[in-house]
2 protein chains.
Amino acid sequence: MTAILSASIVGTSILGTTRGSVGGSTFYATNPASGGTLEPTFHSASVAELDRATALAATAFPVYSRLSGKQRGAFLREIAAQLEAIAAEIIPRAVAESGLPQGRIQGELARTCNQLRFFAGIAEEGSWVDARIDLADAARQPAAKPDLRSMLRPLGPVAVFCASNFPLAFSVAGGDTASALAAGCPVLVNAHYSHPGAAEFAGLAIQRAAQECGLPEGVFSLLFSSEQEIGQRLVAHPVVCAVGFTGSRAGGLALQAIAATRAVPIPFYAEMSSVNPVFVLPGALAERGAQIAAGLHGSITLGAGQFCTNPGLLMLDSSPDADTLVQSLAGKMAATAPATMLNASIHAAYSKSVAARDDDAGVMTVATAAAASPAGCAASAALFAVSATQFLAQPHLQDEVFGPSSLVVRYEAASTSSELLHLVESLQGNLTATVHATDADLKSHADFLAMLEGKVGRIVFNGYPTGVEVCQAMVHGGPFPATSDSRSSSVGGRAIERFARPVCWQDAPQVALLEELRSENTLGIMRLVDGVRTRE
Amino acid sequence: MTAILSASIVGTSILGTTRGSVGGSTFYATNPASGGTLEPTFHSASVAELDRATALAATAFPVYSRLSGKQRGAFLREIAAQLEAIAAEIIPRAVAESGLPQGRIQGELARTCNQLRFFAGIAEEGSWVDARIDLADAARQPAAKPDLRSMLRPLGPVAVFCASNFPLAFSVAGGDTASALAAGCPVLVNAHYSHPGAAEFAGLAIQRAAQECGLPEGVFSLLFSSEQEIGQRLVAHPVVCAVGFTGSRAGGLALQAIAATRAVPIPFYAEMSSVNPVFVLPGALAERGAQIAAGLHGSITLGAGQFCTNPGLLMLDSSPDADTLVQSLAGKMAATAPATMLNASIHAAYSKSVAARDDDAGVMTVATAAAASPAGCAASAALFAVSATQFLAQPHLQDEVFGPSSLVVRYEAASTSSELLHLVESLQGNLTATVHATDADLKSHADFLAMLEGKVGRIVFNGYPTGVEVCQAMVHGGPFPATSDSRSSSVGGRAIERFARPVCWQDAPQVALLEELRSENTLGIMRLVDGVRTRE
């Protein structure tokens, strides 16, 4: 590896090995803590530059998609190494652009590099391609059986949209990029206007890694845009074969409509919004209500409440134990220090949503933290409460309020089984649900648990939904509107499968087969041979 | 098993254990060979009946989805046994309604039952759920690692649309139904107007099997409709969670638009149209051109050309060897006896498409078989030819002509590499491509083969695309417009995955886990535990 020496950012798009022009509209990053603008000027990509980036990706695809898993793994590991080499540049820039604490950004850089190496490991090991071989049987009656072999193959160039709330781990070199590159797809990234400097640093790391690994330059490009036009054109572009997006529901749905109405529709993976309901069942309430209140407070206010898995709904019965939990949580929420949000737009949306709670029938303000200086982007934590009846009557109370706030929903303890099940039934799709329960609670709530499974991608027991482990078993997904496609996960091992499709070869000579499907299993991958899973 | 004794059909929808009313619009099945109508009268389902069927399915889902794989397998095996028990009724009815020969329908019944038992085997074995376990590590720094476990879970009730060209194997008890039931989803079938009698017989077999297995009645319903309204309402219905469709591109796209614009969009799997290009490379042409001509003739005219994988495009160079192949094929096509098509509408569309070839610039009629009696639904085989230049200039020449016809495209032998690659590049998505080639051909056409992979779901070597083996490795799918979702296959083991999504449990007590995810692997399924594939 050759480290990037004295990396510096210039504010233009990255088009393979070259850079975009300085024409077109410009924008600046802003420090949300101070409100000050940050150098340099960023220049929006032109349509011609978008076309150049997509043409490079189209040219790179046939080469990159036929590299071995080990070669793709080496590329991902090199990206991680390049990112670590510029830690001293990218960390302070991401802190300045996001308002997130340095410790959080340091941890996010580590997570980003771990994630790149995690997908490198999956590509290198190779079994993810789900290779299947059914051998020929010339003697079969009434007709001979052919030889059939199939495996997952990459879809083609993938467009990735950076997330506002993860300037590193779900942005330029984040999970969508890592999983698409691992699958064999070139990546075209649409930078987020909120942290373009961190985007450029990460883009330079990937550009350098591609050069170090001798890859075709079109394997990666990064496009800046002051408006939404470039992102929309990217999704509509004939070369683009799939999209990964993390952001707002409005943004996700607008791009999804473009993806669905192209001449050739493409897979569109948006992780959009979630209120992550938390249920505290009676036994757990009685056993450790105070502990749960403290844990919920930490989870609701973590990172100024700016996590996809922030617990925005707390479902509690009407018992005195639940009253005690709410009082304890309210005290902690009221005493929470203001925290800087990611940008002025997110801060304004949070302030507006919190203020609007007053207009919702039956919603009471339980706690509001001290107001921050009106000049900055600092948010005050807030806790609201509403009855189950009023909650059920107002579906918009399930809309995400992005920030350090949560809504307590109280149902009748006496009618637990019916009103609780009715609440679950009413839920829109979510990324997570959390259940605090004793073993006795679980036994008496089997129907509740079964119904909950249909509403979410992940059920957390006796814990808190924030914190999304990068591992093979993780599911960071869920039914609409949490995501646009519940069949996928944007975090963890399953994310690689989003960017591939099965292809079958019938009676192919060995020379026409990819290594994964040849009779001799030289890669030692797990395969399904005549219905039997084997590494033979 | 209790066989259905003297099964008879009455022409009303099947709503769980009950039957639809005789109100509403009516229709008859027609024998395409004779033009005569067949008893009984069929009665369209009312909207109230659709609502009743979906309500039953919604009620059945939480029960059916939590049955073990062995219980679901037993249900599928019982359906197969019930179908075999009414072979004497269903076979002549399907023959009369489809115009297909008795031997073909007998074979199709066997295929249908094999397919049901194939998916039973997958459900019983159980590894298809892709169970993944990442164990906790309380000592991990900087934060403890939680226990995460995930597996595929059924989506919910599935709507299945019967295919005109497979009255048994891709209709009521066909591949979509078998794979959805195996996955744990109740099924709501929209019968095809062309073979409602076969549909009712198959529906009775499934109804009886559900009763024999003691399943909730909503696990299966069958809806008749003289118009498209019931089908459209089915796709739009909030209870329906996914759709399997086999039919025309126009029909598939119309339903896809409904599925995509619902309040909650759902996965929509349509297998729509394909021209299945066949390439005969120079070495193979020289070595066995006459044999290939005979094989192609058999594949083009099989079942009156009414297969999704019918070879509708033949790509040949301009050599004398290719001339010889075309002459040989033309002779066989001209001598082909007329064959009865599935129904009057399909026959009219075929006749119109063949006649319209005269209007296409540069298209020559190479062979036309003797005309059939104008009164019936019998189709005459036809062969056309066009230059690569004219083919590239007229994209509509890639539209499917459903019937015993094919279009020969001739490219310049002298410029094989460029014009052949240009032809491949121009192709829309297809279910299959076929390559006749010697080992030397394959070596000199590596770029061609790599590019072809991006256009299809299956590449057949030195064979013919008709004949779709039901096995784990089969891919019957392909890029749009061959299907609406290239990530799936409607035939073979992968079909079950279409109707499931991953769900994750974090730190769940053993009692709250499904058997597939409990620490003791009592089912002996293959799982991914801490990144290692194991049956431990």
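Tutor: Twelve strands make up an open sheet of mixed pairing, in the order β23(A)-β22(A)-β5(A)-β6(A)-β21(A)-β20(B)-β19(B)-β12(B)-β13(B)-β18(B)-β17(B)-β15(B). This is a predicted model, in which local features need pLDDT of at least 70, side-chain atom pairs count only at pLDDT 80 or more, and totals for chains, interfaces and linings use all residues. Residues are numbered from 1 along each chain as its sequence is written, while chains are lettered from A and ligands numbered from 1 in the order in which they are written.

Student: What makes β23 of chain A and β15 of chain B stand at the edges?

Tutor: Each has a single partner strand, so one side of each is left without a neighbour in the sheet.

Student: How do you know that β12 and β19 of chain B pair?

Tutor: Pairing requires that DSSP find at least two bridges between two strands. Three bridges join β12(B) to β19(B), and the two run parallel. Val280(B) has His436(B) as its bridge partner in β19(B).

Student: Why are α2(A) and α4(A) called roughly antiparallel?

Tutor: The label applies to angles over 145 degrees. Helix α2 (residues 69-85) and helix α4 (residues 102-125) of chain A pack at about 170°, with axes 7 Å apart; α2(A) and α4(A) are therefore roughly antiparallel.

Terms used
Axes fitted to C-alpha atoms, helices over the stretch in contact; angles between N-to-C directions. Helix = DSSP H or I, 4+ residues; strand = E, 2+ residues; numbered from the N terminus. Parallel < 35°, antiparallel > 145°, perpendicular 65-115°, else oblique.
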